[in-house]
Amino acid sequence: MAQDTGAPPEDRMVSDKGPFKGLHNGMSIASKAMVAAFVVFTVLNVELAGKLYGSIRSWVESALSWYYISSVVVLFFVCLFLMFSRFGSIRLGDDDSRPEFSNFSWFAMLFSASVSIGIMFFGVAEPLFYFDNSAGWGYPNNPFADRLGHTGLTPERAVDAVRVTNFHWGLHGWAIYTITGLCLGYFAFRKKLPLTFRSALYPILGDRIYGPAGHAVDLLAIFGTVFGIATSLGLGATQMAQGMNVLFGVDSGILTQVLLVLGVSVVATLSAVSGIGRGVKILSEWNIILTIVLILFFLFAGPTQWLVGFFLNSLGAYVTHFVPMGFWTASEPGDVAWQGGWTIFYWGWWLSWAPFVGMFIARISKGRTIREFMFGAMLVPTAMAFIWISIFGGNALHIEMNAVDGVGSAGLIEMVNNWNLGGTLFGTIDGLAGGGALTWIISALATFLLATWFITSSDSGTLVVTTILSMGNPHPPKRYRIIWGGAQALVAAVLLMAGGLGALQTASIAAALPTSILVVLMAVGVLKSLMEDPRAEIAHGGFAPDGTVLDDDLRG
């Protein structure tokens, strides 16, 4: 390790020679051992691992659903408070710092790194599941619709289906990412602590963040990042393989999925090596442009006027039911099973990804004010998600409601009941385009987008892991970006071949419990630190620290 020369603690903890030069020795070894141990344990006995992880998750869902619901609601209200509080004018950085990226680039990167793959996978299938009323999985498909008496396959149930999907992909989830990103960005750029997860706990742990407690916190963040990315790569590869089958007749089995994981990961690693300002930014911007093209096709190839009205109706339903949905805790056995399988699963998924997405959002947000950060990171992606779900899911619902052989007979709901969730996107494209060349072109665009979303999630995850291991270096050593980019691909490929991807996804969701505790503590820590920030008093009262009155143009 480097000699103590008066440098900051994080610099003294980074090795200056040897195989881990530029990284923290102990963390590098421990992180690799942790990843290897979980993969080996899962692969050696997938059934046992699945039962163990499943038991933990089931216990969390049954015993602690109230805690997850309460935590997410609290985090949302903390975000709301910060958005409109006197702290809003404080910058994530020095008072004269300004954003590194344009608004468009910033939004493109934060959306690409977070929900992109997930919303491509679930954006059509989830509304269809909630619209169905067969209760084929042993619990109600949509207890919120049932409680309103919307039990038939009607337009009212379709609106309920989309507003529940919006609930799971909307403000509650983004509040988790936003508060995590704010805490990390505030302590890294304003308080000059390392850009690592441990730094957000400084108000609580003090200098102990540089010891075993801090190492444990960062290892938990690495666990969530690596396995969160791996499971998402698996989901993306499954759907991409179905796209390849539609386009070229390629078998969509495991071999194709593994080859897709490895091939796309090579591009993702090259993007990570090029850095945020080049590969990651450019790919993210093109993702948004091509996504807008795909959205416009779905909007104008489908029933445009109906879709616009449907979007407004579902948005109104979401706003109307926002508070009751957020606080609802199921009590009936069927409702409990549904809430555990969907809402608690989603809150756990958002929480398990919080270290990765929060740190990436923080990394690209230096120089923004807290208010600007809160509005941009919470509201803009939520609006994008709502548009996506209403147009993509809305088209699928419209196809099922107007099926020639009766409502619900178009085949898309059947795909969902067979758990072919990824196939519903291509089934909807075929229903809109009517087969032929147009279907092929739009399916190709969707498959290409899956690949690029895949890339931007993976390269962001690689940068986050290597940034943590280098104790907050925003430009971690390139050779380790290559190593960890390859490691994420290898983990996903091995788990796909062994059939253990679902087990690891379950483990990641179970790991969201300690992550949730850390995120809540981080929120407490940032509020405590903000109240002690002199700039907050200047912004609020117009007084400098020495008591002199500031001119209006100097106020926050």
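Predicted model: local features only at pLDDT ≥ 70, side-chain atom pairs only at ≥ 80, totals over all residues.
A disulfide is a covalent bond between the sulfur atoms of two cysteines. With a pair of cysteine sulfur atoms required to lie within 2.5 Å, the count for the model comes to zero disulfides. For cysteine 79, the closest cysteine sulfur is that of cysteine 183, and because the separation is 8.6 Å, the two atoms are too far apart for a bond. Viewed from the other partner, cysteine 183 likewise takes part in no disulfide, its nearest cysteine sulfur being that of cysteine 79, 8.6 Å away.

Attention then turns to arginine 368, which is located in the loop between helix H16 (333-363) and helix H17 (370-401). Although this residue belongs to a loop, arginine 368 counts as buried, because its relative accessibility is 1%, a value that falls under the 20% limit for that class. Two polar contacts of its side chain were identified: one, of 2.9 Å, is formed with the side chain of asparagine 103, while another, of 2.7 Å, is formed with the side chain of glutamate 372. When residues up to four places away in sequence are not counted, arginine 368 touches Ile90, Arg91, Leu92, Pro99, Phe101, Ser102, Asn103 and Trp106.

Methods
Residues numbered from 1 in each chain as written. Heavy atoms only, no water. Helix = DSSP H or I, 4+ residues; strand = E, 2+ residues; numbered from the N terminus. Buried < 20%, exposed > 50% of the residue type's maximum accessible area, 1.4 Å probe, protein only. Polar contact = N/O pair within 3.5 Å; in protein donor to acceptor, adjacent residues only side chain to side chain. Contact = heavy atoms within 4.5 Å.
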